[in-house]
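Here is a briefing on pockets, helix packing and backbone geometry. Have the sequence and the 3D view open as you read.

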Amino acid sequence: MSPAPQIDAVLARIDDTLPESLERLIELLRIPSISTDPSYRADCARAADWLVADLQSLGFRARAAPTPGHPMVVAHCDGPGRHILFYGHYDVQPVDPLELWHRAPFDPEVQDTPKGRVIRARGASDDKGQLMTFIEACRAWKAVHGTLPGKLTIFLEGEEESGSPSLVPFLQQHRDELACDLALICDTGLYDEHTPAITTMLRGLCKAEFTIRAANRDLHSGMYGGLARNPLHVMARLLAGLHDGQGRVQVPGFYDDVDELPETLRQQWQALAFDHAAYLRDVGLSVPAGEQDRTPLEMIWSRPTAEVNGMWGGYTGAGFKTVLPSEAHAKVSFRLVSRQDPEKIIAAFKAWAEAQMPADCQIFWHGGSDGAPASVMEISDPAFEAARQALSDEWGKPAAFIGSGGSIPVAGYFKSILGMDAMLIGFGKDDDNIHSPNEKYDVESFHKGIRSWARILARIA
Ligand SMILES: [Zn+2]
């Protein structure tokens with residue numbers, strides 16, 4: 001695939017109209033669309049309506065679709081080529097503590113800083129600035145070519161910052177309308193200040209909470225100590241056995257559905273030259289503690305984990321109580337990769353734990369399993385490589401397909417409910433202060449972000 005020759009005219013248009021693009025973003029940033037606080041309900045609706053009107057002005061068939069919570073903005077346009085869905089969210093995080101803001105959070109301003117020009121306001125980076133990069137790319141395309149860049153659906157959520165309660169039901173109810181060939185999600189960052197990236201694999205998650213019970217009541221350690229089983233000892237031994245000395249998880253079958261990293265990705269990740277020492281130093285650590293035969297990036301992006309999130313029992317108050325407790329408790333979670341099935345992993349963990357219980361000890365499991373598998377995108381789809389090339393062209397550095405240690409639920413729902421893969425592409429930077437006071441978005445992120453989408457759409461739409 002070669003980029004459309006007319007892309008230069010679109011890029012020039014983006015450069016020429018950047019001040020107007022910034023003005024529009026500033027207008028959207030003035031609307032305090034805080035989704036979690038009911039007193040901003042009308043403002044959320046106003047932000048959705050603003051976007052609908054803007055998309056209509058570009059020729060999209062756009063509407064604010066009601067939900068039990070805040071509306072979803074849905075917009076369509078016809079065109080040739082693959083049907084592509086773009087996702088962003090127009091709601092923002094609350095602003096407190098307000099006293100730490102140097103300027104009112106919904107009074108946006110373009111400021112000069114030692115590191116360049118920034119747009120300062122709540123939502124500037126997460127996610128209004130980011131979603132507007134795509135809309136502005138469409139606008140420039142329309143101005144140059146008279147048509148939008150392809151067959152597009154734009155889907156903007158208003159509850160992302162408050163747990164997305166309406167998202168799954170909405171996707172289920174509008175499956176036919178929203179299922180496209182491919183999704184683009186703009187809610188992530190660059191790999192580093194200057195290196196663009198496409199997130200193509202996100203780890204899944206499953207969890208187990210349980211109690212080990214021995215005696216039928218707490219015991220006096222003078223009367224029973226030495227004779228009676230102590231479940232805290234049993235728990236400690238069990239959890240200590242989760243990993244071997246090399247960091248490998250010991251639950252049988254745990255790695256059965258874990259795929260090796262493809263060689264092309266291994267090379268791309270190596271080229272990123274991840275500074276794991278600095279990453280660890282930042283949190284007061286120095287040595288990678290995972291599987292010893294894996295690179296640090298593999299440990300956080302492409303390998304599964306077992307982590308003890310909490311363990312407690314017995315007397316933990318001030319002073320001493322010489323109790324021999326009857327119960328020990330723990331919460332354990334697993335980050336999943338590749339084809340690992342959350343239910344299968346939990347079942348294997350339960351069988352492994354129960355098989356180790358000595359006489360008089362029993363495990364009680366709490367809560368259901370609400371796990372989610374990993375999302376692994378089909379990067380053999382040529383659109384992925386085309387988008388990677390487009391990003392590399394714009395930023396002057398090779399873009400990489402990267403992983404994400406955490407999950408971005410919407411990407412998983414697009415796959416499980418709508419059956420489509422997603423490319424997660426964003427232009428945020430680590431110092432954007434998202435969710436914090438003095439949030440900003442670099443004008444460079446905004447400008448190059450718009451140009452990036454124009455280049456990507458020229459290649460894949
Ligand atoms: Zn976001």
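Axes here are lines fitted to C-alpha atoms, for helices over the stretch in contact, and angles between N-to-C directions run from 0 to 180 degrees. The model is predicted. Two packed helices are described by the angle between their axes and the distance between the axes. On that basis, α12 (residues 382-395) and α14 (residues 443-460) have axes that come within 9 Å and cross at roughly 140 degrees.

**Helix packing: α12 with α14**

- Angles over 145 degrees count as roughly antiparallel, and 65 to 115 as roughly perpendicular. α12 and α14 are therefore oblique to each other.
- The crossing of α12 past α14 is right-handed.
- On the α12 side, the contact uses Ala383, Ala386, Ala387, Gln389, Ala390, Leu391, Asp393, Glu394 and Trp395.
- On the α14 side, the partners are Glu444, Lys448, Arg451, Ser452, Arg455, Ile456, Arg459 and Ile460.
- By class, this contact of α12 with α14 holds eight nonpolar, two polar and seven charged residues.

**Helix packing: α2 with α14**

- α14 also packs with helix α2 (residues 18-29), at an angle of about 110 degrees and with the axes 11 Å apart.
- α2 and α14 are therefore roughly perpendicular to each other.
- α2 and α14 make a right-handed crossing.
- Leu18, Ser21, Leu22 and Leu25 come from α2, and they meet Val443, Phe446, His447 and Ile450 of α14.
- The contact of α2 with α14 has six nonpolar and two polar residues, with no charged residues.

**Helix packing: α1 with α4**

- Helix α1 (residues 7-16) and helix α4 (residues 128-145) have axes that come within 9 Å and cross at roughly 120 degrees.
- That makes α1 and α4 oblique to each other.
- α1 passes α4 with right-handed geometry.
- α1 contributes Ile7, Ala9, Val10, Arg13 and Ile14 to the contact, and α4 contributes Ala140, Trp141, Ala143, Val144 and His145.
- The class count for α1 with α4 is eight nonpolar, one polar and one charged.

**Largest pocket**

- Rolling a probe the size of a water molecule over the atoms shows where empty space is left.
- The largest pocket has a volume of about 1,100 Å³.
- Its lining has 40 residues, and Gly189, Leu190, Tyr191, Ile402 and Asp430 lie nearest the centre.
- β8 (197-202), α10 (296-301) and β16 (400-404) are the elements that give two or more residues to this lining.
- The lining of the largest pocket splits into 14 nonpolar, 13 polar and 13 charged residues.

**Second largest pocket**

- The second largest pocket holds about 580 Å³ of space.
- It is lined by 25 residues; Ala289, Gly290, Met299, Ile300 and Glu307 lie nearest its centre.
- Two or more lining residues come from each of α9 (276-281), α10 and β11 (305-313).
- The lining of the second largest pocket counts 15 nonpolar, six polar and four charged residues.

**Cavity**

- How many cavities of 30 Å³ or more are there? The count comes to one.
- The largest cavity has about 30 Å³ of space.
- Its lining is made up of Met201, Leu202, Arg203, Trp301, Val337, Ser338, Ala374, Ser375 and Val376.
- β8 and β15 (375-376) are the elements that give two or more residues to the cavity lining.
- The lining of the largest cavity has six nonpolar residues, two polar and one charged.

**Backbone geometry**

- Where do the cis peptide bonds fall? One runs from Asp96 to Pro97, with omega near 5 degrees.
- Pro97 sits in the loop between β3 (83-89) and β4 (109-113).
- Another cis peptide bond joins Asp126 and Asp127, with omega about 10 degrees.
- Asp127 is in the loop between β5 (116-120) and α4.
- Asp360 is not a glycine, yet its phi is positive, at about 75 degrees.
- Asp360 lies in the loop between α11 (342-355) and β14 (362-366).

Definitions and conventions. Residues numbered from 1 in each chain as written. Predicted model: local features only at pLDDT ≥ 70, side-chain atom pairs only at ≥ 80, totals over all residues. Heavy atoms only, no water. 1 Å grid on protein atoms, 1.4 Å probe; cavity = no way out; pocket = protein on both sides within 12 Å on 5 of 7 lines; lining within 4 Å. Points joined across faces, edges and corners; volume = space filled by probe spheres on them. Helix = DSSP H or I, 4+ residues; strand = E, 2+ residues; numbered from the N terminus. Nonpolar A, V, L, I, M, F, W, Y, C, P; charged D, E, K, R; others polar. Parallel < 35°, antiparallel > 145°, perpendicular 65-115°, else oblique. Left-handed = near helix turned anticlockwise from the far one by under 90°. Contact = heavy atoms within 4.5 Å.
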